[in-house]
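Dear colleague,

I am passing on the structure we spoke about, with the sequence alongside. Please look it over first, and then read the notes below, which go from the whole chain down to single residues.

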Amino acid sequence: MDPMGLLIFLLIGAIAGWLAGVIMKGFGFGLIGNIIVGIVGAFVAGLVLPAIGVSIGGGVVGSIIHATIGAVILLFIIGLVRRG
């Protein structure tokens, strides 16, 4: 992966993590935490969305939406575990 690809990867993760934190009020993890949540969220969405038959377009915007959906799912599960 070239440096520009890595930068875009981290930027998409940060945006997705931040958006998920805004959607799931009360979850703020800072820049590094948002990047991690966004990247893990993209992985979660990569497993969950195809299993339920959801397909999101390609490109940067599609990647951000995909990772955000996964990050929201991840934060929802984290919220359930914290309560329990």
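The secondary structure of the chain consists of 3 helices and 0 strands, and the order of the elements from the N terminus on is α-α-α. The chain is as compact as a globular protein of its length, because its radius of gyration is 13 Å, close to the 12 Å that the globule rule gives for 84 residues. Please keep in mind throughout that this is a predicted model.

As for overall dimensions, the C-alpha atoms of the chain fill a box of roughly 40 × 30 × 20 Å along the principal axes. The accessible surface of the chain comes to about 5300 Å², and 78% of that surface belongs to carbon and sulfur atoms. Of the 84 residues in the chain, 33% are buried. Among contacts with a separation of 6 or more, 69% are made by residues 24 or more positions apart.

Turning to the helices, α1 covers residues 3-23, which is 21 residues, and reaches 30 Å from its first C-alpha to its last, close to the 30 Å expected at 1.5 Å a residue. The buried residues in α1 are I12, G13, A14, A16, G17, A20 and G21, and what covers them includes α2 and α3. In general, an α-helix has 3.6 residues a turn, so residues three or four places apart point the same way.

The largest nonpolar core has 7 residues, namely A20, M24, V37, A71, V72, L74 and L75. Its largest share, 4 residues, is contributed by α3.

Some individual positions may be of use to you when you have the model open. N34 is placed in helix α2, which runs over residues 30-51, and N34 counts as buried because its relative accessibility is 11%, where the cut-off is under 20%. Beyond its neighbours within four places in sequence, N34 is in contact with G13, A14, G17, W18 and F29.

T68 belongs to helix α3, residues 59-83, and with 8% relative accessibility T68 also counts as buried. The side chain of T68 reaches the backbone oxygen of I64 at a distance of 2.6 Å. When neighbours within four places in sequence are set aside, the residues in contact with T68 are A16, L19, A20 and I23. A20, one of these contacts of T68, is also listed in the largest nonpolar core.

G70, likewise in helix α3, counts as buried at 0% relative accessibility. Not counting residues up to four places away in sequence, G70 touches G41, V44 and A45. Although G70 and A42 are 28 residues apart in sequence, their C-alpha atoms are 5.4 Å apart in space.

V61 and L31 are separated by 30 residues in sequence and by 20 Å in space, C-alpha to C-alpha.

With best regards

Notes
Residues are numbered from 1 along each chain as its sequence is written. This is a predicted model: local features need pLDDT of at least 70, side-chain atom pairs count only at pLDDT 80 or more; totals for chains, interfaces and linings use all residues. Side-chain values use heavy atoms; hydrogens and water are left out. Helices (H or I, at least four residues) and strands (E, at least two) are DSSP runs, numbered from the N terminus. Buried means under 20% relative accessible area, exposed over 50%, partly exposed in between (1.4 Å probe, protein chains only). A polar contact is a pair of N or O atoms within 3.5 Å; within protein, one must be able to donate a hydrogen and the other to accept it, and residues adjacent in sequence count only if both atoms are side-chain atoms. Contact means heavy atoms within 4.5 Å. A nonpolar core is a set of buried Ala, Val, Leu, Ile, Met, Phe, Trp, Tyr and Cys residues joined through side-chain atoms within 4.5 Å. The radius of gyration is taken over C-alpha atoms; the globule rule is 2.2 Å times the number of residues to the power 0.38. Accessible areas come from the Shrake-Rupley method with a 1.4 Å probe; for residues, only the protein chains shown count as cover. The expected span of a helix is 1.5 Å times one less than its number of residues.
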